[in-house]
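Please examine the model shown below before reading the report that follows. The headings take its elements in turn.

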Amino acid sequence: MMPVRRPFLPLRCGAVLALFLALSFLPAPGVSAQQTAAPPLPAASPADPQAQIAEWERTATRGEEALQAGRASTEELEILRQELAEQRAQAETIADSGHVVIRVLKAQVATLGPAPAKDQTEPEPLAARRKQLTETLSRAEEPAIAARLAFARANVLIEELDALVRSRSTSDLLAQKPSPLMPSSWSAAGSDLVRYYTKVRQDTIRPRTQDGEPVAPFENRLLPAALLALAALLVPVGLGHLVLSRLERRVRGSPGSSTFLVQVAGIHLLRLIFGLLAASMLLLALVLLEIGPTSAEGLSAAVIVSFFIFLLAAWIGSILFSPQQPLIRLLHLGDRSARACYWLGIAFAASLTAEAIVDGAGEDLAFSPAGLAALQGVSIVIGTIVLAGLARVLLSVADELHQSAGADDDNPLGPGFFTVCARLMQVLAVLSLVAAALGYVPLARAALAPLMGSVAVFGLAFILHYALMVPVRGGFRRQESTAALVSMLLGVVIVLLCVPLLALIWGARTAEVSEVWRIIQNGIDIGGARLSPKVFLVLVVSFLVGLFLTRWIQRIVDRVVLPKTRIDRGARNAVNTGVGYVGVILSALIAISAAGLDLSNLAIIAGALSVGVGFGMQAVVSNFVSGIILLVERPIKEGDWIEVSGFSGVVRKIAVRSTRIETFDRHDVIIPNADLISGTVKNRTLSSRIGRIVIPLTIATDVDVERARGLLLSVARQNGAILPTPEPRVFLTRIGGGGRDFEFHCFLRDVGSEVATRSDLLFALNAAFEREGLAAALT
């Protein structure tokens, strides 16, 4: 098996970035056909499981031998891993395919009842049927058991292969090469470049096919190719630039309006179309000339990908920074900062291009270690210069934000954040130069290109988020909180979509990313319940539908059903709240059942959690249960006047955990529901709003008692807030000490008017005693 080289990092970054432009038809540069498509597995007939099991056995044995010997190349290990992964998928499919049949057979065996003991017998027909079902079950379980065993074996081998490949990658990353600063390294680089040029020139002058036959000269195709290349430079690049510049100056409308957004989107779309048209023309010109001999495949691929990197960098920069037209600039920066950021993006593309060309040439020719280190040192210097430029731009942005923001600004993306990022980039640039000078060239290159690729991905993510939020902001123009929530959810989704791309950019293998996705897709086992994206989606959607129906039913009950009954407002609130609780619980249970989760396993988990709840959340659970009791028994209701824990006021709201009362000083007091159930509560309006008022009086001894009593009863009968039945009464409570003590008892229609009625009675009594000349009698 021929060894296959791994794709170099900058070109892998370019492939990821080109993916955003739907350029997935381009093969990964530097990757041979052997790595792009693994050799097909010999297909075993489903009707011949023994042949398939034997094939699994042979592949697993080769994997074990490769791991024990440790001499296979990384490319061979990758191909072997792919074979194991495909066979593992086949084994998993076979293991799951017979699940229904096995369950049916087990159910039939269980229907016959338990097998008889050794000293017992059962009827012959029943015994024969049991034997037949048992044998059928054994035959049905054999392929599934073999598939599960093969799955487990392949899974372990894949884990070991991944560990071995990661170990080799780490060793390669930390390997010390000849220093690029040594004169011998530059001498070797010069010799390698001369040798590479000579080889490419010979293949170009005398190109041959794979069979060794000479290729027909391309003089007759030179003129069409030149015209295509010229058209690629003049029409899309030259004429397109003039057209787009004029269109940018003609943009009208206020930012955020539909007209403005349509015009800006059309300009950016035209810029992308012009760029792709130019790229297509150049590629067609290269195809006509048949440039790209077999000795320069890597370099040719690097040139092609580099062109798309420049195209993407210019497109992203024009959208985010728009150096010519501030009105359509997506990021609100000053003209100077915007121009600096735009050209910095072009410098990013130049740095990635340098990385790609060096690695592409290294894929074509076996450069000497010293020569390759010298050439890679050049790309490292370019990358550190670009990184230092990015740090300077971030520092200037931090200064602008610091001048525009207040001193107490605590925005997480404020000036401090950009300053820290800029300083880290400066430190990274210095460390990369030092590492390269000491000969750790792979380590120095490990962060430069991925960092630039990550910046491009973040820029594309920002553009995508902004584009998706345009219709959202239009639909929720008057609901800013809803728009902000949707914006946050979209941001989370976009970040999750960018995670695999960032992983690939930072050196993760495609096999590792696919393995993580397989684990996520199969689900994570939590207490016997397997949670996968599909199960989670069904769970969330089912619960949200149930919650929506619950709110709809609550609204109908509250606005249509309950107003037609004689239930008071407090009881209506209690019924509506109970409907909500029942609906939420039913929605959760239905969602769990729809997702296929086993409720018995969840019950075990809930039982285990109840122990912790009993100790750590005892007060919360007690208040919750007390709230349910309050809503069911209704010893108090909204609008009642109660006295509890030294507070007196009107009940305003009964929630699950606590009850809010409003005192007569208009203060809100939150009372835990447990205090209302376990403590002593005085409800002055539970059964009715009738209440008694007691007014103590002291009258001098020389006043006629009956005369004073008559005045008190007369004043009470004239007050409309006092009920005639039970009649007001006057009680003599004490005689002596220079006067007689009386208590005036009467019942109010509304106990809430006690203070006002007491004041009115006292004013009326004082006026009556003054009319009778007995003002001095009140002591």
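## Helices α15 and α16

At what angle do the axes of α15 and helix α16 cross, and within what distance do they come? The two axes come within 10 Å and cross at roughly 150°, where axes are lines fitted to C-alpha atoms, for helices over the stretch in contact, and angles run from 0 to 180 degrees between N-to-C directions. Helix α16 comprises residues 480-505; helices (H or I, at least four residues) and strands (E, at least two) are DSSP runs, numbered from the N terminus. The structure is a predicted model, in which local features need pLDDT of at least 70 and side-chain atom pairs count only at pLDDT 80 or more, while totals for chains, interfaces and linings use all residues. Residues are numbered from 1 along each chain as its sequence is written, and side-chain values use heavy atoms, with hydrogens and water left out.

α15 and α16 are therefore roughly antiparallel to each other (angles under 35 degrees count as roughly parallel, over 145 as roughly antiparallel, 65 to 115 as roughly perpendicular and the rest as oblique). α15 passes α16 in a right-handed crossing; a crossing is left-handed if the near helix is turned anticlockwise from the far one by less than a right angle, and right-handed if clockwise. Residues of α15 that meet α16 include Val457, Ala461 and Leu468, and their counterparts in α16 include Leu490, Ile494 and Cys498 (contact means heavy atoms within 4.5 Å). By class, this contact of α15 with α16 has 15 nonpolar, five polar and no charged residues. Here Ala, Val, Leu, Ile, Met, Phe, Trp, Tyr, Cys and Pro count as nonpolar, Asp, Glu, Lys and Arg as charged, and the others, Gly among them, as polar.

Arg271 belongs to helix α9, residues 258-289. With a relative accessibility of 18%, Arg271 counts as buried. Leaving aside residues up to four places away in sequence, Arg271 touches Leu244, Glu248, Trp315 and Ser318.

## Helices α11 and α15

Helix α11 (residues 335-364) packs with helix α15 (residues 448-475) at an angle of about 140°, and their axes are 10 Å apart. These two helices are therefore oblique to each other. α11 passes α15 in a left-handed crossing. Phe348, Ser351, Leu352 and Glu355 in α11 meet Ala449, Met452 and Val455 in α15. The residues of this contact divide into five nonpolar, one polar and one charged.

## The five-stranded sheet

An open sheet has five strands in the order β6-β5-β4-β3-β7, with antiparallel pairing (two strands pair if DSSP finds at least two bridges between them). β6 (668-672) and β7 (682-683) stand at the edges with a single partner strand each, so one side of each is left without a neighbour in the sheet.

Four bridges join β3 (residues 641-644) to β4 (residues 647-654), and Trp641 stands opposite Val650 in β4. β3 and β4 form a hairpin with two residues between them, and Ser645 in the turn has a positive phi of about 55°. Five bridges join β4 to β5, where Val650 stands opposite Glu662. Five bridges also join β5 (residues 658-663) to β6, and Ser658 has Pro672 in β6 as its bridge partner.

Technical notes
Buried < 20%, exposed > 50% of the residue type's maximum accessible area, 1.4 Å probe, protein only.
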